[in-house]
Amino acid sequence: MGGTEHLGVERQGATLVLTLNRPEAKNAFSIPMLVGLHDAWIEADADDAVRSIVLTGAGGAFCAGMDLKALAGASGGFAETDPYRERLAADPDLHWKAMLRHHRPRKPVIAAVEGVCVAGGTEILQATDIRVAAESASFGLFEVRRGLFPVGGSTVRLPRQIPRTHALEMLLTGRRYSAAEARDIGLVGSVVPDGTALKRALELAEAVNEAAPLAVEAVKRSVYECAELGETEGLARELEIGWPVFATEDAKEGPRAFAERRAPVFHRR
């Protein structure tokens, strides 16, 4: 599973680590990065050996959002015949899939945030499942201050993830938030010392990896599919998703391992 010039892709056990790698631009999205992300999400879901995904950034930053100049071709050194640009032209929806606006990986995605995580960085963050931030990390949706609109999904997702008043304050003021504020309003789950966000994210990923993969993926699916349903409909859908898990071999292995006082060995069956 390979990356691109602006995206590092590395396997660490059952975890796929994706590293946004344009530190000179605070890891702003570029065409090669978007193409790499798109392909990585698809390939990770297709690879049963991958049980979790960690998304992070290089050089002490997470992501400063969209590099509008590079995308427009005004900078970045990409020729019109560049294969990355050709991929984007062939699939007009590719960048939205890459940013997880139009795609939801079935594997859990854990964000490890150091430094700047603003604009499109905060938008892709909302598509991750578990979020760890370093103490000096900063967040924000600055679009209204630039006469723009956060079309990466924030006006839909943010009010569903944090209290509406906090979501509207972030969206309408365009101000910067500290990691502590982001944790207080529920945008991130934990704050750790600078330089340790990736370490903590990998620890969480390992905990996910130790669980039964079919159960993990079914739980994630149920949470998202049932989120906007009424209680009666949601409970019915939960049974549809969750009950088949009990018929798997892994569902037998878990209790058996517990009774035998050993670590379970799950096989995704």
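This report covers helices, strand pairing and cysteines in a predicted model.

## Basis

The model is predicted: local features need pLDDT of at least 70, side-chain atom pairs count only at pLDDT 80 or more, and totals for chains, interfaces and linings use all residues. Residues are numbered from 1 along each chain as its sequence is written, and side-chain values use heavy atoms, with hydrogens and water left out.

## Helix α1

Helix α1 spans residues 31-46; helices are DSSP runs of H or I with at least four residues, strands are E runs with at least two, and both are numbered from the N terminus. The 16 residues of α1 reach 23 Å from first to last C-alpha, close to the expected 22 Å at 1.5 Å a residue (the expected span is 1.5 Å times one less than the number of residues).

Of these 16 residues, 12 are buried, so α1 is largely enclosed by the rest of the structure. Buried means under 20% relative accessible area, exposed over 50%, and partly exposed in between, with a 1.4 Å probe and protein chains only. The buried residues include Leu34, His38, Trp41 and Asp45.

## Packing of α6 and α7

Helices α6 (residues 154-161) and α7 (residues 164-173) pack at about 145°, with axes 7 Å apart. Axes are lines fitted to C-alpha atoms, for helices over the stretch in contact, and angles run from 0 to 180 degrees between N-to-C directions.

Ser154, Thr155, Leu158 and Pro159 of α6 make the contact with Ala167, Met170 and Leu171 of α7 (contact means heavy atoms within 4.5 Å).

## Strand pairing

Strands β1 (residues 7-12) and β2 (residues 15-20) pair in the antiparallel sense over 6 bridges; two strands pair if DSSP finds at least two bridges between them. Glycine 8 is opposite threonine 19 of β2. The hairpin has 2 residues between its strands, and glycine 13 takes a positive phi near 65°.

Strand β6 (residues 130-134) has 4 of its 5 residues buried, so this strand is largely enclosed by the rest of the structure. β6 pairs in the parallel sense with β4 (residues 109-113) over 4 bridges, where valine 113 has alanine 133 as bridge partner. β6 also pairs in the parallel sense with β9 (residues 190-192), over 3 bridges; here serine 190 is the bridge partner of valine 132.

## Cysteines

The whole structure contains 0 disulfides (a disulfide is a pair of cysteine sulfur atoms within 2.5 Å). For cysteine 63, the closest cysteine sulfur is that of cysteine 117, at 7.2 Å, too far for a bond.

Cysteine 63 is buried, at 0% relative accessible area. Cysteine 226 counts as buried at 15% relative accessibility.
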